[in-house]
Amino acid sequence: MNKEEILEKFKELGKKILEDITNNNYPSITLPQRTVRNIIYDKNSRVVRLGEKKITRKASSLRQAKVFAQLLWVAYFSKENLIKKGKSCSLRDLYYNSFNDIKIKFDEQDESDKIVVEIETILGYPREYFHIIPEEKSSIFGDLTIEYTMPETHKGQRVNLQTDPDGKNIGLSIATAKFIECNAKMVIAIEKGAIFRRFVEEQVYKRLNAILIDTGGQAPRFTRMLIRRLNKELNLPVFILTDADPWGMHIARVIISGSALSAHINDLATPEAKWLGIWASDIKKYNLPSIPLNQLDLHRLETMKRDPRYEEDFWSEQINWFLKLKCKAELEAFSKYGLTAIIDKYLIKKLSELKN
Amino acid sequence: MLKFEEISPSEFFYRNKEIAGFENPTKACYTIVRELVENSLDACEICGILPDIKVVINETGEGDGINKIIKIKVKDNGIGIPKENVPYAFGKVLYGSKFTLRQHRGIFGLGGKMAILYGQITTNNPVKIITSTIGSKLLHFFVMQIDILKNEPNILRYEEFENKEGWHGLIIEFTFLGNYYNSRKKILEYLFQTSILLPYMNLVFMDNYGMLVFKRKSSLLPKIPEETLLHPKGIDLEMLKRLISINKKETLKCFLVKNFQRIGNKIAEDIIKQLNLNPDFPVRKLKDEDIIKLYNIFKNYNFKKPSSKSLSPVGENLIIGIKEIFKPEFIAFNTRKPSSYEGHPFIVETAIAYGGNIPIPSDNEINLFRFANKIPLIYDSYNDVSMKVIKDINWNLYKIDIYKEPIAFFVHICSTKIPYKTLGKEYIANVPELYKEIELSLRKNARKLSAYLNKKRLYEYQKKRYSYLKEYLEKIFDFACKLSEAKIKIKKEILEGIVSNE
């Protein structure tokens, strides 16, 4: 990610508005539609993205004029107060900052959140690029040396991500750092902190030569950005380990293909990543303690059946397995066979299966 | 067997004074002013004269505590009364002798006679009258009383003067025992509302407290109502009997054709056929059952609607009156085409006024001004048919909140017979035909007001939008400059130009 690139994009946006005004027109912005109908799953690239439909925001009505001014304020705020100063803030911070201008002030945080998504859509970059960062937690551990590019105070500093046994929290600084040296051969993304912790303790990073990532449930965008970079820039294969339930399956799928919510942002998906498990079919195969699917799970499976991302044979088979078995299992279920069973009996076997 | 005592009409009215609005000294005071003013107005309008009326009320010190002896004097420029008619017009209470229709305020001047009678009974003073008819060279001066038991005029004094100035009209003066203090507010309200409907009237009112002048604002006199024959559907059985009794010499066919509107030779013959009688059948031979049969045929026969020639709507005068009093920013007015109920013709005219001096109604009230035959109806508006219509209309359709906006409604109904619900003549019954006409008339006005208000709201919205948009465009411009790092100074006109583009 290039700071100059973002600043240039903001500059273009400003110029376009000035042009409208000096041409005696209402200022307007045209951007891709984020409606369900315009969210497209591209089967070839295996990525969710926005289609060709556009909408135009025009400052010609009372409501629109205010929203328009608010949008430009957010852009201005992030340019002047965040990017230029090498600082960041959360969505909540942004909302409170608007209180300084009574004309701009957002009534609810919901409104400023929506505008941030709007700017993401206009620029095609996630908000992390203009330094408005999420509060989700996710961590990384592995033999990778990085060099910070921001904030200014840490610029140029190098760190090896194997130094902290708790893992390094993935934030703006790691997501935007340069990769200096990497001795790992693969990336394993894990849905749960507890299993991530066990993998560190059992030295999976050493045994498999892997970088471990705790996605903390659904992977935040920084984490997805970093996984993609590790895959694209360092050519590391990516494997994803989740619970055997519709939700875990979807965590994997979002890392691979992206989500509808961030369809307006490019460069978040890692189509080459692979879902290692636990698959529905593994529950029986490994005779795992299981829990019956509840109403919510079943409903989720029905929705997934209609989702184009799950049309591929393997994925639709897994959905059918779930519907057939009517049960789910957690990663911890392997503890039935001992605490390290998930590594010895499952992970290593699964990896070799996938490689063949 | 019961024995009936024969009494004169004068005595009858005296014994039943509450019927005519004299039940207490306060009410009597109001009724007297009202009856005299209305007689004066009728005396002018009947001949197309712009009314010039003066009312003087003088509270004397005498009386029984709260009730005082009051001297009232009313002067008008009406047609006056021929000398020979004066004793009977004021000195004898007569039952109606005319069998024709015309819109009047009072009926056969009865109210005026009741006023004099009441004055005589309470103070025992005679009434003074000065009158002259149009073109008369003499002024006639009478001092007289009513002999209540005999129902005869008793002239105490008569004099003639030379009419040097060619004056015509009537001056009437008498005393009565009344409570002016309590009735004053109601009297002033009555005069005020009258001036709304009759801006062509000039009225000076004086009492012990001061003088009130309603100046003429219009010279547009309503059409003089014509006298028409009775409509067969509008007659009651008693009246039919009396009509027959004074036409005994006629043949049945002549009787029908001469006395009723909408009955020609053909219809008369048709009716006679239904009675199983001959056209030449003498009226005097009609038996009671024949009369009842005739009455029923009248009720059921499909006659043409009654003529509206006998009616006199005020028309544009209402607009002039409302403008003068309320100075509203908008008025919608219309006069409906004549309609009828039970053989009585009527015309509805309504106005809706908005803004100006019209007050925003206080909790759940409605600014409604009602008039019937040019008389304001001041009390009991809650039960009136007009109020019902207004409450039944869904004002949301017109985007009008009648409880929260400065809106006033004006309804004038003229008819040869106003369907009052009570003896007090303060509110009008819910007659379906009347209800419908009032509704149609008000709705038409409501649509006009709604269009006006929409326009006004749009204008206000545009104005607000303009300044609001400009403010935000300035912001947008400011941020866009900072984003692009351009240092442009934009002329104010451009921002204004964008806003006023559409």
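Where in chain A does A:N287 lie? A:N287 sits in the loop between α10 and β16 (291-292) of chain A. Keep in mind as you read that this is a predicted model. The predictor assigns the complex an ipTM of 0.71 and a pTM of 0.62.

**Confidence**
- For the complex, the pTM is 0.62 and the ipTM is 0.71.
- Chain B has an average pLDDT of 88, and 92% of the residues in that chain score at least 70.

**Chain A overall**
- Chain A contains 17 strands and 13 helices.
- Of the 356 residues in chain A, 55% are buried.
- Take the contacts in chain A between residues at least 6 apart in sequence: 72% of them join residues at least 24 apart.
- Chain A has an accessible surface of about 15,900 Å², and carbon and sulfur atoms account for 48% of that area.

**Cis peptide bonds in chain A**
- As background, most peptide bonds are trans.
- The bond that runs from A:M150 to A:P151 is cis, and its omega is near -5°.
- A:P151 belongs to the loop between β8 (144-147) and β9 (158-160) of chain A.
- A:G277 and A:I278 are also joined by a cis peptide bond, with omega at about 0°.
- You will find A:I278 in the loop of chain A between β15 (274-277) and α10 (280-285).

- A:N287 is not a glycine, yet its phi is positive, near 50°.
- What is the relative accessible area of A:N287, and is the residue buried or exposed? The value is 52%, so A:N287 counts as exposed, the cut-off for that class being over 50%.
- In chain B, B:D380 is another residue that is not a glycine and has a positive phi, here about 60°.
- B:D380 is placed in the loop between β15 (375-377) and α11 (385-392) of chain B.
- With a relative accessibility of 40%, B:D380 is partly exposed, because that class covers values between the buried limit of under 20% and the exposed limit of over 50%.

How values were computed: Residues numbered from 1 in each chain as written. Chains lettered and ligands numbered in written order. Predicted model: local features only at pLDDT ≥ 70, side-chain atom pairs only at ≥ 80, totals over all residues. Heavy atoms only, no water. Helix = DSSP H or I, 4+ residues; strand = E, 2+ residues; numbered from the N terminus. Buried < 20%, exposed > 50% of the residue type's maximum accessible area, 1.4 Å probe, protein only. Contact = heavy atoms within 4.5 Å. Areas by Shrake-Rupley, 256 points an atom, 1.4 Å probe, with all protein chains shown as cover. pLDDT = per-residue confidence, 0-100.
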